[in-house]
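Hi,

Here's the structure I promised to pass on.

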Amino acid sequence: MTDKKDPRLSREEAEKWRLRKLTRKRWFLPAVYLGVAALIVAGALVFEKDGVHNQSGEKNHANNIAMNKKDKEAVPVNSMKENFKWPVENKNAVSVVQPFYDPKASEEEQAAALVNYNHSYTQNTGIDIAAKNNKTFAVTAAMSGKVVKAEKDNLLGNVVEIKHKNGVTTMYESLASMTVKPGDTVSQGEEIGKAGQCDFNKDAGVHVHFEIRKDGTAVNPEKYFSKGLSSLDNVNKTNSNIPAKEMPKKQENKQTPNKDNNMNKMENNQKSNDSKKGSTDQNSNNSDVSSPNAGHEDAHANG
């Protein structure tokens, strides 16, 4: 009986034989190696492309977050949008005990704005603020800016000067203590010291003397509260043409003249000066501007 081979086994053997024959070829192994290398390189390129795409997306996301954060933080530090505030924490707890000297005010108002020091009267170039309970209180920055002066003055007490934009500065005098130093950047409403007393204006008691100046020219602070820096653009000391008042001095061993008599004398001097000036005084609308030569800056000279 003749054995018959399974045709399926014959085909499998034939395939194995051809495979063995193929592996014996010289080019077989190099071809296998090249194929594997090509697959590895292709996989690496695909992975790198996905990684770069993800990294770019994360970077853009981070940039968007940074830009949004910057936009949110840019608003509060823009002092150009700020308005002047009272230099105290609670406006209702204080009052103006001595006003700014206004050359266009009545004689009674002008007399109330004269500071009596060392037997002479001086125009008040700011406002003097005191607490209604006569106690000390926190003095705050009326507007954000940079501290350019913070020093002790024997006559005016501790003095702080803050520089703002557009040539505007604010002055804080008669401070019992200071919490800032030159070079500090302060925000609006930040405490800069405590109100105190000074030798220049003892009648005001515990108070803070507050000034707003534009290019060195003092203006009435009460007219600029709730207003921005741009409201001072028309203030120009070279165009003010307001003559300096001659302060009456008290003679020794004589009774101190009252303020009304002093004001009458000053008004006579004013009329005489005005008649000489004639039409040169064209800036009468700057009624809130005080002479830069008068006020607290003359305190040392009067002393």
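**Strand β4 and its partners**

V94 has A131 as its bridge partner in β4. Keep in mind as you read that this is a predicted model. That pair belongs to the antiparallel pairing of strand β1 (residues 94-98) with β4, which runs over four bridges. β4 also pairs with strand β11 (residues 208-214), again in the antiparallel sense, this time over three bridges. Over there, I127 stands opposite F210.

So how enclosed is β4 (residues 127-131)? Five of its five residues are buried, so the rest of the structure largely encloses this strand. I127, I129 and A131 point one way, while D128 and A130 point the other way, and all of them are buried.

Next, find S174 in strand β8 (residues 168-178). Beyond its neighbours within four places in sequence, S174 is in contact with several residues, including L156, N158, C198, H207 and H209. Leaving out sequence neighbours within four places, the contacts of T169 include E161, H164, E211 and R213.

**Out on the surface**

Which residues form a nonpolar patch on the surface? They're L29, V32, Y33, V36 and I40, with about 490 Å² of accessible area together. V36 lies in helix α2 (residues 28-74), and with 43% relative accessibility it counts as partly exposed.

Cheers

Key: Residues are numbered from 1 along each chain as its sequence is written. This is a predicted model: local features need pLDDT of at least 70, side-chain atom pairs count only at pLDDT 80 or more; totals for chains, interfaces and linings use all residues. Side-chain values use heavy atoms; hydrogens and water are left out. Patches are made of residues with over 30% relative accessible area and no salt bridge: like charges are joined within 9 Å, nonpolar side chains (Val, Leu, Ile, Met, Phe, Trp, Tyr) within 5 Å. Accessible areas come from the Shrake-Rupley method with a 1.4 Å probe; for residues, only the protein chains shown count as cover. A salt bridge is a side-chain nitrogen of Lys or Arg within 4 Å of a carboxyl oxygen of Asp or Glu. Helices (H or I, at least four residues) and strands (E, at least two) are DSSP runs, numbered from the N terminus. Buried means under 20% relative accessible area, exposed over 50%, partly exposed in between (1.4 Å probe, protein chains only). Contact means heavy atoms within 4.5 Å. Two strands pair if DSSP finds at least two bridges between them.
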